[in-house]
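Visitor: I am new to this structure and would like to learn how to read its features one at a time. Could you show me the general idea first, and then the case at hand?

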Amino acid sequence: MNTEVPVPHGLPTERDNGPFNPHSLTARLREARPLSRMVFPDGHEGWMVTGHEVTRQLLADPRFSSRMDLDILHMPIELPGQGEMTEPIPQQPGMFVRMDPPDHTRLRGMLTGVFTVKRMRLLEEHIIQLVERQLDELARLTPPVDLVREFTLPVPSLAICELLGVPYEDRDDFQSKTSRSMDLKLPMEERLAVAMESAEYMSGLVRRKRTEPGDDLLSDLARRDDVSDEELVGIGQLLLGAGHETTANMLALGTFALLRHPEQLADLRANPELMQGAVEELMRFLSIADIGVRYATEDLELAGETIAKGSSVGVSLLAANHDPAKFDNPDTLDIRRNARGHVAFGHGIHQCLGQQLARVEMRAGFEGLLRRFPSLALAIPAEDVKLRTDMQIYGVHELPVTWDEVAR
Amino acid sequence: MRLSADRDTCVGAGMCVLTAPEVFDQDDEQGRVVILDPGVVDERAEAVREAAVLCPAAALTVTED
């Protein structure tokens, strides 16, 4: 075991080893040991997890908290423009992703029945139709076009708006707010201010759902008397943000990855029954939601090390998903591999609530796009595709594509 | 092989249903794990073991006889 890797001072967000691989520093850390010491960019002496098995252990251990209001939760990546955090961040009602049990259990429990495998299968035919309508619109355009703007963002956005009962006409406004609140280049104060603005938008919507409930998820929640208006706002913001930002980037970066691996793309086109496995492999390979962090609520042991109470522990889901101890040739995209066991949706009690919806959207999205556009190609050199190394969710800012024929 | 599911621990992620659909389902109310057919647990032993490993909340326990 190589013990010569120096203790890093924060993790880089840029990609020095191609758009799809972990940064070489993260890979070197993982080669040395799955759990390493790390000096966080603000000087905090904490830990970083890069190995697959330790990632699972960390995320499944309830002694590691997701709360940001207990203490200062240090960020493993450099956030330009953001001063050192000096205070814990107060809990926002409804934001159960930043809660521990029993609060997390109560709020997530109100939603899990809606996102089951069965419920999402019932929705599948509808999502397929929604994808086809968006592809019809795409086909009417004259290439080159930006696939993010015309396809990969509208599809999940339409789906989550319908499910939640958010007017789709409002999307430009809330999408720009979500994207600004996730822009790592902006000062934290500005990001928090934008989050407040989107809370105001959601607050108006929640008031309407309370008085005139319709046939949608927010209305169903608004009919309950065991959830406050503030909690409804937080839940709405969380699901709306998570529902379009993540899948949009999976569809766009996934398309970019397939176009960069023509033999894999050809195999998938020729064998559509591979789609389900291909989606899992793209999830593993791309891990668009990479960096997470947890707070040690007591002195505890992890992977043979003693983690002191009060430590922040960063985790790279991308590094874990590219761990050769779990996946053979992990830096290779192989749609025929068994990628199950990847941690792209996280692990533990916070594992993505919307994962079955995401799977349905990705299967329908990739299947429709590849079938309707058999000659889909990048319209600019691959090196010029703008990568989202400056955003909380990785992907591409734009994906200019072209084609010369459209199939039915 | 014996299989048990802790519905209090379950967070409704649905990994078990994806992995062994003949064995597992989720209830409509809270999306929590339901063992559909205990009779096929041995037949689907490999998938059941995998589901137990994949479960994010460690709600499934497999005991080998």
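Guide: Let us begin with a term: a salt bridge is a side-chain nitrogen of Lys or Arg within 4 Å of a carboxyl oxygen of Asp or Glu. Please keep in mind that this is a predicted model. By that rule A:Lys118 forms a salt bridge with B:Asp25, and the closest N and O atoms of the pair are 3.2 Å apart.

Visitor: How many salt bridges does the rule find across the interface of chain B and chain A?

Guide: The general idea is that side chains of opposite charge can pair when their charged atoms come close. Across the interface of chain B and chain A, the rule finds three salt bridges.

Visitor: Why does the salt bridge of A:Asp136 and A:Arg372 tie together parts that are apart in sequence?

Guide: The side chains of A:Asp136 and A:Arg372 meet in a salt bridge, at 2.9 Å from N to O. Because A:Asp136 lies in helix 4 of chain A and A:Arg372 in helix 14 (residues 355–372) of chain A, the pair ties together parts that are 236 residues apart in sequence. Over all chains, the count by this rule comes to 30 salt bridges.

Visitor: Which residues lie nearest the centre of the second largest pocket, and which helix gives the most to its lining?

Guide: The second largest pocket has a volume of about 700 Å³ and is lined by 27 residues, of which A:Val148, A:Arg149, A:Leu153, A:Pro154 and A:Gln175 lie nearest its centre. Helix 7 of chain A gives the most to the lining of this pocket, with five residues. The lining residues of the second largest pocket divide into eight nonpolar, eight polar and 11 charged.

Visitor: Which peptide bonds are cis, and where is a positive phi found in a residue other than glycine?

Guide: In general, most residues other than glycine have a negative phi, and most peptide bonds are trans. Here the peptide bond from A:Pro101 to A:Pro102 is cis, with omega near 5°, and A:Pro102 lies in the loop between strand 3 (64–65) and helix 3 (103–109) of chain A. The peptide bond from A:Pro143 to A:Pro144 is also cis, with omega near 5°, and A:Pro144 is found in the loop between helix 4 and strand 4 (145–146) of chain A. A:Asn329 has a positive phi, near 40°, and its place is in the loop between helix 13 (317–321) and helix 14 of chain A.

Conventions. Residues are numbered from 1 along each chain as its sequence is written. Chains are lettered from A and ligands numbered from 1 in the order in which they are written. This is a predicted model: local features need pLDDT of at least 70, side-chain atom pairs count only at pLDDT 80 or more; totals for chains, interfaces and linings use all residues. Side-chain values use heavy atoms; hydrogens and water are left out. On a 1 Å grid over the protein atoms alone, a cavity is a set of points where a 1.4 Å probe fits but cannot get out, and a pocket is an open set with protein on both sides within 12 Å along at least five of seven lines; lining residues have an atom within 4 Å of a point. Grid points are joined across faces, edges and corners, and a volume is the space filled by probe spheres set on the points. Helices (H or I, at least four residues) and strands (E, at least two) are DSSP runs, numbered from the N terminus. Ala, Val, Leu, Ile, Met, Phe, Trp, Tyr, Cys and Pro count as nonpolar, Asp, Glu, Lys and Arg as charged, and the others, Gly among them, as polar.
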